[in-house]
Amino acid sequence: MSNDKVNIIARFILPVTVIVATETLFIMFRPETPPPLFYLNLGYTILLEAIFFGYIDLSYRKITTFSTPFPAVFGIYSLYYVIIGASWMLLYSLALAPLFPINIYIAALIVLTLIWIVLSVLTAQVDSHHKATTDRLNERKYTLEHYTQKTAMLASRYEKLCAEKGIRYATESNNRTALDRLKEKIRFLTPNVLNSDTARAQLNAMLDRCEEIIEETALASGDAPGEREKKMQRFVNSAIDELEILKGMTRR
């Protein structure tokens, strides 16, 4: 049997079968003159079954609005509600009906249902907000990783270019190009830097300008490549200052 057929049975045929069987049992044991409690229990039993099978169906769905743990939390709330509701229904029907009016029974069911709904809705609201915040942070993290990888690629390309053209570069270490400094600065940026559209635009413009200088260096001849290295150093110094400004702005 294919998975689609199993899913159809579990999500549609099984719940309908159980609900029809429940109605049949109630009808089979219905007294000659059914009291209001009989119909109330029938309806409430069907509601509990619908909640139970609804949760099972929800647990198999991929809902992007909520986080992965939410179905489990919602399931715990629903399971408690079903157990407590069924227990109260049996307790009242078998033992407490002669002692308390049906209004007490109905009021308890309403309060129990309201508690379950309020807890579920508030949990869903908090989870949805948390999921949206987490998704935004992950998106910024991936975007920042893109900038980091692109800077590393440009730094590697520039290092090979300097080796090919015999360009001597002088930074804090003679084994590092000016772009290595910029690469390290971008690598240690935090995702909150990308909160601003202006910051993203500045980073894009920065990397575009870096690529332009690399192209100019590749096309330069004679003593010009050395001048391009000085230009690259000035660009990196200016870019690092800009990054410090961006980091300071995001801390506010």
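**Aromatic pairs and a helix surface**

F52 has a relative accessibility of 39% and therefore counts as partly exposed (buried means under 20% relative accessible area, exposed over 50%, and partly exposed in between, with a 1.4 Å probe and protein chains only). The model is predicted: local features need pLDDT of at least 70 and side-chain atom pairs count only at pLDDT 80 or more, while totals for chains, interfaces and linings use all residues. Residues are numbered from 1 along each chain as its sequence is written, and side-chain values use heavy atoms, with hydrogens and water left out.

**The chain as a whole**

- The chain contains 7 helices and 0 strands (DSSP runs numbered from the N terminus: H or I of at least four residues for helices, E of at least two for strands).
- Of its 252 residues, 29% count as buried.
- The accessible surface of the chain is about 16,100 Å², and 62% of that belongs to carbon and sulfur atoms (Shrake-Rupley method with a 1.4 Å probe; for residues, only the protein chains shown count as cover).

**Aromatic rings**

- There are 8 aromatic pairs in the structure (rings of Phe, Tyr and Trp, the last by its six-membered ring, with centres within 6.5 Å; planes under 30 degrees apart count as stacked, over 60 as edge-to-face and the rest as tilted).
- One of these pairs joins Y44 and Y81 edge-to-face, at 6.4 Å centre to centre and 75 degrees between the planes.
- Because Y44 belongs to helix α2 (residues 36-60) and Y81 to helix α3, this pair ties together parts that are 37 residues apart in sequence.
- Y44 counts as buried at 7% relative accessibility, and Y81 is buried with a relative accessible area of 2%.
- The ring centres of F52 and F53 are 5.3 Å apart with planes at 75 degrees, so this pair is edge-to-face.
- F53 is buried, at a relative accessible area of 14%.
- Ring pairs link Y44, F74, Y81 and W116 into a cluster.

**Helix α3**

- The 27 residues of α3 should span 39 Å at 1.5 Å a residue, and the 36 Å between its end C-alpha atoms agrees (the expected span is 1.5 Å times one less than the number of residues).
- Buried residues of α3 include F70, F74, Y81 and L96.
- I76 lies in this helix, residues 70-96, and counts as partly exposed at 43% relative accessibility.
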